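This report describes a ligand site, a nonpolar core and several individual residues. The sequence and structure are shown first.

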Amino acid sequence: MDLRDSPEEARFRARLRTWLAENVPDEPEPTRLADRWPLTLDFQRRLYQGGWVALTYPVEVGGQGLGVMEEAILSEELGRANAPTVLPLSHLARPLYTLGTEEQKRRYLPALLAATEIWCQGFSEPMAGSDLASLRTRAVREGDEWVLSGHKIWTSYGVFSDYCLLLARTDPGEKAHRGISAFIVPLDSPGVTVRAIVLANGDEEFAEVYLDDVRVPHDNLLGRPGDGWQVAMEVINHERGAVDTGYLPKFDRYLTELAAAVKEQQTPVDRATLRALGEAAASLEVLRMHCLRTLSDRASGVLSGPESSVDKLLMTAVEQKLTQVSMALLTDTTGAHRARWFDRYLYGRAASIYGGSSQIQRNILAQRRLGLPR
Ligand SMILES: Cc1cc2nc3c(=O)[nH]c(=O)nc-3n(C[C@H](O)[C@H](O)[C@H](O)COP(=O)(O)OP(=O)(O)OC[C@H]3O[C@@H](n4cnc5c(N)ncnc54)[C@H](O)[C@@H]3O)c2cc1C
């Protein structure tokens, strides 16, 4: 496949670059979430108003009716322009779009995509992370309502959110991933308590969500009873794609910064650090080639299945290698620059956990791609 821009794609890219040049703030993004969040929301809303959100969704639900190549160009250009963090919306929007009723799509999707209503993902529980199917949150039907009780944890942006896309067991008779359903839960419902988890760096990025006999209308069920696993897989698969997340240009920037630091160091950089930087650069090239293949598949209508686990593993490897090498390299640096890299390093540790840990990704590939026994 020829991955160079077609004339229309080149025009799209040029228009986007002009918009980004006018809209990306000059100052670096604040490191702390509390300072960053209002800017993240502001940028997200401007992106939406500019017509740069949900490119592949139909216009009726707040999208732009474009294709996968435009979406990849957007991701690439956002990274290249060093744009502020973009809210991870598409993985939550996707199941609403594929499984939602017409009424649900009309009611929720435009506000979710415009970031005028904020959503979070309520899957993990204290005893159910990798083994998500062992979740204990229950939902019982009473007439036209469902009554939910349980406890969710590690809910990203939970304290900032208006709605939670939440998994609960609706059929206790069914085992494992059968008998789980997905619900749209307004977080201001009576019986919901959202409690922030304060990270070591002071950020309140996660929350615990307690559900104490929370009543939601039957209309808030997403899909049919028992469709919860399908919703979960759709969310998780869209959370893993390297092409969608703008990670490539972000890692390119990291590498450029680190290579510049090698040249600027007063004392010569030791061989082990240089080798580690070289290995990180090589891993980044592997990720780039993998992304191009994914893009080529998508453009021919082939969607990723278990292969999205390869994306997740490669992204994790690059992020951890680059940020780890930065700790050895930037010892002369002080102040905000080192603090920013230290934050990147710490966040890199989370990469092998969120969206399914690296061990789980390898299990998925072993079983579903290579057909190895459990
Ligand atoms: C930054 C971040 C954001 C997150 N955001 C959200 C969110 O918004 N919503 C949400 O619902 N969750 C979220 N999570 C939670 C995340 O999905 C879980 O942390 C993850 O699925 C792992 O579950 P766990 O923490 O319970 O670890 P566990 O499942 O207890 O795993 C502990 C260790 O055992 C290993 N392990 C477990 N089972 C196996 C196995 N079968 N084979 C081999 N090794 C195994 C794991 O790899 C891991 O190393 C987030 C996590 C992070 C770090």
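## Ligand site

Domain 2 (119–226) and domain 3 (241–369) both give residues to the shell around the ligand, so the ligand lies between these two domains. The domain bounds come from an automatic or database domain assignment. The model is a predicted one, in which local features need pLDDT of at least 70, side-chain atom pairs count only at pLDDT 80 or more, and totals for chains, interfaces and linings use all residues. Residues are numbered from 1 along each chain as its sequence is written, and side-chain values use heavy atoms, with hydrogens and water left out.

The ligand is surrounded by 17 residues, of which the closest are Gln121, Ser124, Ser130, Trp154 and Ser357; a residue is near the ligand if one of its heavy atoms lies within 4 Å of it. By class, this shell holds 8 nonpolar residues, 9 polar residues and no charged residues. Here Ala, Val, Leu, Ile, Met, Phe, Trp, Tyr, Cys and Pro count as nonpolar, Asp, Glu, Lys and Arg as charged, and the others, Gly among them, as polar.

| Residue | Protein atom | Ligand atom | Distance |
|---|---|---|---|
| Trp154 | backbone N or O | nitrogen | 3.2 Å |
| Ser156 | side-chain N or O | nitrogen | 2.8 Å |
| Asn363 | side-chain N or O | nitrogen | 3.0 Å |

On its own, the ligand has 970 Å² of accessible area, and the protein covers 65% of that area. Accessible areas come from the Shrake-Rupley method with a 1.4 Å probe; for residues, only the protein chains shown count as cover. Strand 3 (145–156), helix 10 (335–351) and helix 11 (358–369) are the elements that give two or more residues to the shell around the ligand. Helices (H or I, at least four residues) and strands (E, at least two) are DSSP runs, numbered from the N terminus.

Trp154 belongs to strand 3. With a relative accessibility of 49%, Trp154 counts as partly exposed; buried means under 20% relative accessible area, exposed over 50%, and partly exposed in between (1.4 Å probe, protein chains only). Between the C-alpha atoms of Trp154 and Ala196, which are 42 residues apart along the chain, the separation is 9.4 Å.

Ser352 is placed in the loop between helix 10 and helix 11. Its relative accessibility of 19% makes Ser352 count as buried. Ser352 and Arg195 are 157 residues apart in sequence, and their C-alpha atoms are 25 Å apart in space.

## Nonpolar core

The largest nonpolar core contains 48 residues, and those with the most contacts inside it are Phe43, Leu96, Trp119 and Leu167. Such a core is a set of buried Ala, Val, Leu, Ile, Met, Phe, Trp, Tyr and Cys residues joined through side-chain atoms within 4.5 Å. At least two residues of this core come from each of helix 1 (7–23), helix 2 (33–49), helix 3 (68–80), helix 4 (90–99), helix 5 (102–114), strand 4 (163–169), strand 5 (180–186) and helix 6 (228–240). Helix 2 gives the most to this core, with 5 residues. Domain 1 (7–86) and domain 2 (119–226) both contribute residues to this core, so the core lies between them. In soluble globular proteins, nonpolar side chains tend to be buried together.

The buried residues of helix 4 are His91, Leu92, Ala93, Arg94, Pro95, Leu96 and Leu99. The C-alpha atom of Leu96 is separated by 23 Å from that of Gly50, 46 residues apart along the chain. Gly50 is found in the loop between helix 2 and helix 3, and at 30% relative accessibility Gly50 counts as partly exposed.

Trp119 is in strand 1 and counts as buried at 7% relative accessibility. Trp119 and Met233 lie 114 residues apart in sequence and 17 Å apart in space, C-alpha to C-alpha.

## Backbone angles

Most residues other than glycine have a negative phi, and most peptide bonds are trans. Ala115 is not a glycine, yet has a positive phi of about 60 degrees. Ala115 is in the loop between helix 5 and strand 1 (119–122) and is buried, with a relative accessible area of 0%. Asp213, found in strand 7 (residues 206–217), also has a positive phi, near 50 degrees.

Terms used. A polar contact is a pair of N or O atoms within 3.5 Å; within protein, one must be able to donate a hydrogen and the other to accept it, and residues adjacent in sequence count only if both atoms are side-chain atoms.
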